[in-house]
Amino acid sequence: MTASYFLTLARTHLTGLCRPWALALVLSASGLPAIADPYNEVNRLTSSGQLEKALAQADAYLVAKPRDPQMRFLKGVALSELGRKAEAEEVFLLLTREYPELPEPYNNLAVLLAARGQYDQARLQLEAALRNDPAYATAHENLGDVLARLAARSYARALQLEPGRSSIQLKMDRLKQMLDPSSRP
């Protein structure tokens, strides 16, 4: 898969990779440092597509504060947007282990897993995100998308076993239309 495919998947099939502002609110409420200029600058650079510069600034900041969860999260977002998925996965995975109360790293890890077709693992990550924040709408939407992909996989297998069942084909067609808006007539 190319980086552009991943970005398209993240935007159309799985909603947004980042909510750095929401992470900042969670971190502020948890007593960790609130957003300061370095966070805003890395977020601004990422949002404006200056990904290499954003990554360089995040790395420079992390030299002095290597365990800072907010900057590490922003670094993971920049890596994701750059298409460096394996590195981004590692960042988000470490954040889920070190800060298991934060829902955003679970969500972003799930997006990366789903982009590789690992829907079962993505589902588990999204469920963890929702245990931490039941009101996290993006994670709910992403979980719905992942469950739809899992349903499509089950319907495809059912059609292999019984190719003539029109009820399965109808469900598969409806799911295909939902998951791929370009396939609509």
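This protein is built from ten helices and zero strands, where a helix is a DSSP run of H or I with at least four residues, a strand is a run of E with at least two, and both are numbered from the N terminus. What you're looking at is a predicted model, in which local features need pLDDT of at least 70, side-chain atom pairs count only at pLDDT 80 or more, and totals for chains, interfaces and linings use all residues. Residues are numbered from 1 along each chain as its sequence is written, and side-chain values use heavy atoms, leaving out hydrogens and water.

Let's start with the whole thing. Of its 185 residues, 43% count as buried, meaning under 20% relative accessible area, with exposed being over 50% and partly exposed in between (1.4 Å probe, protein chains only). Take the contacts (heavy atoms within 4.5 Å) between residues at least 6 apart in sequence: 58% of them join residues at least 24 apart.

Now zoom in on helix H4, residues 51-64. Its 14 residues reach 21 Å from first C-alpha to last, close to the 20 Å expected, a figure that comes from 1.5 Å times one less than the number of residues. Buried here are Leu51, Ala54, Leu55, Ala58, Tyr61 and Leu62. They sit on the same side of H4 because they cover an arc of only 130 degrees around the axis, going by the directions from the helix axis to the C-beta atoms. An α-helix has 3.6 residues a turn, so residues three or four places apart point the same way.

What do the buried residues of H4 pack against? Their partners are helix H3 (37-47) and helix H5 (69-81). Turned away from that buried side is a face with the exposed residues Glu52, Ala60, Val63 and Ala64.
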